[in-house]
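Me: I am new to this structure. Please show me how to read some of its features.

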Amino acid sequence: MRHLYVHVPFCARRCVYCDFAIAVRKTIPAARYVDAVLRERDRRIEGGELDDGPLETLYLGGGTPSLLASNELARLVRCLTLRASGSFPQLEITLEANPDDVTASSVAEWMNAGVNRISLGVQSFDDRVLRWMHRTHSMRQAVEAIGLLRSEGIDSLSIDLIFALPEQLSHAFGDDLARAVELGPDHLSVYGLTAEPRTALSRWISRGAVRPSADGRYAHEFLMADDTLSAAGFEHYEVSNYARPEHRARHNGAYWTGRRYIGLGPSAHSFDGRRRSWNVRQWSAYETRVDLDGDATDQHEDMTESQRRLEQVYLGLRTVEGVTDSKQQMDAALCARAEESGWMLRQGNHVSLTVEGWLRLDELAPDLTTLAEGG
């Protein structure tokens, strides 16, 4: 295993669109959390799921990892990367952070711990939108955080933005894109808002209090992001991700290319090439389980060959590289229809989607499912 994900569940507040496994806490039990994750890590080493080899990427996601006390964050990273030095030119260590957690001292402490990549949850540069989302930061804090991360020398900075917001917000997504380009991050993740079940947003929509963005607006803003960021020198290398040269997200790239990875922490997922498994979702249940025997696994799924083939095609088509075609993967008639519609590019046995095709990948998925199952 060369790729390790650690889920830090703690948040100061739940955002209206969030369906992640989080634990809202005024006081973060950082030491207990790190102890629990390290117990799970040790159990996985004993079980042969983790070996003594070095890591290529370590991703601290959440939740809000930047809420962890700096000394505990440093302990966690140090213990997880103890054997990692020397094999790769640079171990990518990503920390997800909220802008209001970024200070000169916190950045220095993160860097001393080994963090060299920050994924900053900006979401918007519009204070009205941030308040509606229940974010804990302001536009000014986001701008100041980006400036601090730059001046303190973080190697790679990514920011998140959300588009396709409800109509009544009158959100000017173009302004967010322009401000992002002006501030000069190395990477952007740009996501369309979705109303997941059991979220405040979903409840508001079901009551008629919020009107979702129209499909046409979603497509318009998706293409706007591609136009704006491509013109600014970013490569649109995956459906939701843009990078300057040498700044692709290496950890996320492992997911898209089907490589093996281990997840530690509440609700974290793992994949060994054939089996997917995931941990219990809630922090309290996770802590109890690892205290008992170190095993936090909730469920697992063994993938069939056709499922693996489908996933390879689906994930591959999410990237600019696309997939290498074969009769077992793609149907000639399906490809011809997609090419004629301007959704797909085909060169020899290589297939990739255009930007317009990415908008319609889910429309192609049922056909891909049929093909994969038919083998």
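Reply: Glu235 stands opposite Ala243 in β10. This is a predicted model, in which local features need pLDDT of at least 70, side-chain atom pairs count only at pLDDT 80 or more, and totals for chains, interfaces and linings use all residues. Residues are numbered from 1 along each chain as its sequence is written, and side-chain values use heavy atoms, with hydrogens and water left out.

Me: How many bridges join strand β9 to strand β10?
Reply: Strands are DSSP runs of E with at least two residues, and helices are runs of H or I with at least four, numbered from the N terminus. Two strands pair if DSSP finds at least two bridges between them. Here three bridges join β9 (residues 235–238) to β10 (residues 241–243), and the two run antiparallel. They form a hairpin with two residues between them.

Me: How is a pair of aromatic rings described?
Reply: By the distance of the centres and the angle of the planes. Rings of Phe, Tyr and Trp (its six-membered ring) pair if their centres lie within 6.5 Å; planes under 30 degrees apart count as stacked, over 60 as edge-to-face and the rest as tilted. The count comes to twelve aromatic pairs. One of them is Phe163 with Phe173, tilted, at 5.6 Å centre to centre and 40° between the planes. Phe163 lies in strand β7 and Phe173 in helix α6, so the pair ties together parts that are ten residues apart in sequence.

Me: Is Phe163 buried or exposed?
Reply: Buried means under 20% relative accessible area, exposed over 50%, partly exposed in between (1.4 Å probe, protein chains only). Phe163 is buried, at 1%, and Phe173 is buried, at 1%.
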